[in-house]
Amino acid sequence: MNDKATKGMKVRRTVLGDDHVDRAEAVKTPLDAPFQELITEGAWGTVWASDAITLRERSMLTLALLAATGNFDEIPMHIRACARTGATPQDVAEAFQHVAIYAGVPRANHALKLAKQTYAEMEADHG
């Protein structure tokens, strides 16, 4: 593993948790291995590994961008990651307020719905 990949895997595990990463790694095949390497090095080893802003701020930015672009499938995963990055439910709500104003109310509304469902699931799991 190169330096970006090693650093990326460490940050990925910090943000998403070992269980999530272990599940993703267990189902990796030759078809998606290059993609997994790309996101581990690029997203996690470069962008998320930068110390220019905090992991909390990165969580808020990521959630806002996912919602603004309509990429809702990854929102629950990143809501769960907030428990490790320090972004609070209030931080997430504020990020989605920005989405409502700058990208559209329907997208923010759907993102909030997903956040509420995910927080409820998290509460039930750790209740």
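This is a predicted model: local features need pLDDT of at least 70, side-chain atom pairs count only at pLDDT 80 or more; totals for chains, interfaces and linings use all residues.
Me: Which residues are the closest to the centre of the largest pocket?
Reply: Its lining draws at least two residues from each of α1, α2, α3 (33-47), α4 (55-68) and α5 (75-85). By class, twelve of the lining residues are nonpolar, three polar and three charged. Of the 18 residues in that lining, those closest to the centre are A43, W44, E74, M77 and H78.

Me: And which elements give two or more residues to the lining of the second largest pocket?
Reply: The second largest pocket holds about 290 Å³ of space. Among its 13 lining residues, L16, H20, R23, R80 and R84 lie nearest the centre. The elements giving two or more residues to this lining are α2, α5 and α7 (105-126).

Me: Is α1 parallel or oblique to α2?
Reply: Helix α1 (residues 3-16) packs against helix α2 (residues 18-26) with the axes 6 Å apart and at an angle of about 125°. Angles over 145 degrees would count as roughly antiparallel, and 65 to 115 as roughly perpendicular. The angle therefore makes α1, relative to α2, oblique.

Key. Residues are numbered from 1 along each chain as its sequence is written. Side-chain values use heavy atoms; hydrogens and water are left out. Axes are lines fitted to C-alpha atoms, for helices over the stretch in contact, and angles run from 0 to 180 degrees between N-to-C directions. Helices (H or I, at least four residues) and strands (E, at least two) are DSSP runs, numbered from the N terminus. Angles under 35 degrees count as roughly parallel, over 145 as roughly antiparallel, 65 to 115 as roughly perpendicular and the rest as oblique. On a 1 Å grid over the protein atoms alone, a cavity is a set of points where a 1.4 Å probe fits but cannot get out, and a pocket is an open set with protein on both sides within 12 Å along at least five of seven lines; lining residues have an atom within 4 Å of a point. Ala, Val, Leu, Ile, Met, Phe, Trp, Tyr, Cys and Pro count as nonpolar, Asp, Glu, Lys and Arg as charged, and the others, Gly among them, as polar. Grid points are joined across faces, edges and corners, and a volume is the space filled by probe spheres set on the points.
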